[in-house]
Amino acid sequence: MKRRLGLAVTAAVLAVILPVSSAGANPRDDKSKVDDRVKELQQEFEGLDEDLARVIAERDAAEEKLPDAEAASKKADDALSEAIEKDDAMAARLTSAENAQSDLRTSIKDGAEEIDKHKTSAARIGRQAYQNSGITSDLAMLLQMAEGTSADGGIGRVDSAVRSQQRTIDNLSEQRAVNKNNEERLSGVTDEISDLKDEAAEAVLAKEAAQIDAKKKSDSLADIISAKDDAEKTISDNKATTEEQLQKEQDEQDRLAKKVREWEKEQEKKGKFVYGDGELANPAEGYPITSPFGYRIHPITGAKKLHSGTDFGVPCGTPIRAAGDGIVVTSGWTGGYGNRVVISHGKIKGDSIASTYNHNTDLKVHDGQKVKKGQVISDSGTTGASTGCHLHFEVMKNGGYVDPMPYIS
């Protein structure tokens, strides 16, 4: 029975080779992830330009996608190789079957001609029998051939004639059997060719679909690699500028640390040093921490950088309160840290402790002013190298920056 595969099987083949595109990542989801990463980067690295943060986020997204894209491209290439191999195999099978069909048709034609020849011989023998007035052809030939010049010659001719007649009949029978067998084989080969043509058509469609999918996956991989390379070039181009900016911030921090140490020593000499009660309060109580204290690898320079304080996600204009009793060491503009207030809390458990409040929009205290714990000293903002409204709060212990949380938790 013939098999008619048709479009139903084609659809099944394509479904296996071509994955449903909608199952992939949604471009809106990708953009949302990048947007979220931009915010995270700007929270982790104060002063990081938004465009650069987006380049980094897109580079990271490309790197994240790369392994899956490489695997998908390889899988598509493998599927294409398999489809090409199957297409070649089906073409070879079809060619072989068509050659067999041609050979059988030739054999049948030649056999028919042989049958015609044997039929002619048989007809001649029949005519001879009829001409011998009803005597059987075998007996007639025996009588005719026995009438020779010698008995031996006549008998020999009789024997030869009988064998020739028998061979004619046998050959006719054998050729008919061969032709019948060839015709049956031809019918089977013809049905097989019909099926093979259907399968060959399926193989061609599958190969074409695999070629399209392999191209698509290859292009997708190339796009990801290109995006990654472009991002890395942009990052590299901005490395020197970023290093310079970070060095300025570090110099600023070092200058402040030195200034606080010198101020504290001077106050001790004058006997004006404040001794705190041993505890500090959260200057932005109730607001979330958006970036903790600690070291991290800078995404532009690749160098380890200390985030010297804790960031609190407070809206611009939020009142910021002194973490403890103390004296204002400095209150004013300080470049990358914007409007900054620095308060010395004197000695706490034997250590000199100071706190800093950065990126304020408005300052409410001045140098040398004494303040009490909880007193409003500024309004939060996003001044200096800041990318959004927040409070960057620091604690200095003996002139060095330490994690603020153990002091205010």
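## Overview

How many helices and strands are there in the protein? There are 7 helices and 13 strands, and keep in mind as you read that this is a predicted model. Of the 409 residues, 38% count as buried. The accessible surface comes to about 22,900 Å², and carbon and sulfur atoms account for 52% of that.

Take the ones between residues at least 6 apart in sequence: 70% of them join residues at least 24 apart.

## Helix H6

Helix H6 covers residues 239-270, which makes 32 residues. From its first C-alpha to its last, H6 reaches 46 Å, close to the 46 Å expected at 1.5 Å a residue. After H6 comes Gly271, with a positive phi near 75°.

Which residues of H6 are buried? Thr242, Leu246, Glu249, Glu252, Gln253, Leu256, Ala257, Val260, Trp263, Glu264 and Gln267 are. As background for reading that list, an α-helix has 3.6 residues a turn, so residues three or four places apart point the same way.

## Salt bridges

A search of the whole structure turns up 23 salt bridges. In general, side chains of opposite charge can pair when their charged atoms come close. One of the bridges joins Asp87 to Lys207, with the closest N and O atoms 3.0 Å apart. This pair ties together distant parts of the chain, since Asp87 sits in helix H3 (residues 50-131) and Lys207 in helix H5 (residues 151-237), 120 residues apart. Asp87 counts as buried because its relative accessibility is 10%, while Lys207, at 21%, counts as partly exposed.

Other bridges stay within a helix. Glu40 and Arg37 meet at 3.2 Å, N to O; they are 3 residues apart in helix H2 (residues 27-44), so about one helical turn separates them. Glu40 is partly exposed at 39% relative accessibility, and Arg37 is partly exposed at 24%.

## The E5-E11-E9 sheet

Three strands make up an open, antiparallel sheet in the order E5-E11-E9. E5 and E9 are the edge strands, each pairing on one side only.

On one side, E5 (residues 319-321) pairs with E11 (residues 376-379) over 3 bridges. Pro319 has Asp379 as its bridge partner, and Arg321 has Val376. On the other pairing, 2 bridges join E9 (residues 362-363) to E11, and there Leu363 is partnered by Ser378.

## The disulfide

The structure holds 1 disulfide, joining Cys316 to Cys389 with an S to S distance of 1.8 Å. The cysteines are 73 residues apart and link distant parts of the chain: Cys316 is in the loop between strand E4 (310-312) and E5, and Cys389 is in the loop between E11 and E12.

Which hand does this disulfide have? The torsion about the S-S bond of Cys316 and Cys389 is about -90°, so the disulfide is left-handed. Both ends are partly exposed: Cys316 has a relative accessible area of 39%, and Cys389 has 35%.

Asn339 is found in strand E7 (residues 339-348). Is Asn339 buried or exposed? Asn339 counts as buried because its relative accessibility is 16%, under the 20% cut-off. Leaving aside neighbours within four places in sequence, Asn339 is in contact with Gly332, Trp333, Tyr357, Asn358, His359, Asn360, Thr361, Leu363 and Thr383.

Lys349 is in the loop between E7 and strand E8 (351-360). Lys349 has a positive phi of about 55° although it is not a glycine, and it is exposed, with a relative accessible area of 78%. Asn398 is another non-glycine residue with a positive phi, near 50°. Asn398 lies in the loop between strand E12 (391-397) and strand E13 (400-402), and it is partly exposed at 41%.

How values were computed:
Residues are numbered from 1 along each chain as its sequence is written. This is a predicted model: local features need pLDDT of at least 70, side-chain atom pairs count only at pLDDT 80 or more; totals for chains, interfaces and linings use all residues. Side-chain values use heavy atoms; hydrogens and water are left out. Helices (H or I, at least four residues) and strands (E, at least two) are DSSP runs, numbered from the N terminus. The expected span of a helix is 1.5 Å times one less than its number of residues. Buried means under 20% relative accessible area, exposed over 50%, partly exposed in between (1.4 Å probe, protein chains only). Contact means heavy atoms within 4.5 Å. Accessible areas come from the Shrake-Rupley method with a 1.4 Å probe; for residues, only the protein chains shown count as cover. Two strands pair if DSSP finds at least two bridges between them. A disulfide is a pair of cysteine sulfur atoms within 2.5 Å. A salt bridge is a side-chain nitrogen of Lys or Arg within 4 Å of a carboxyl oxygen of Asp or Glu.
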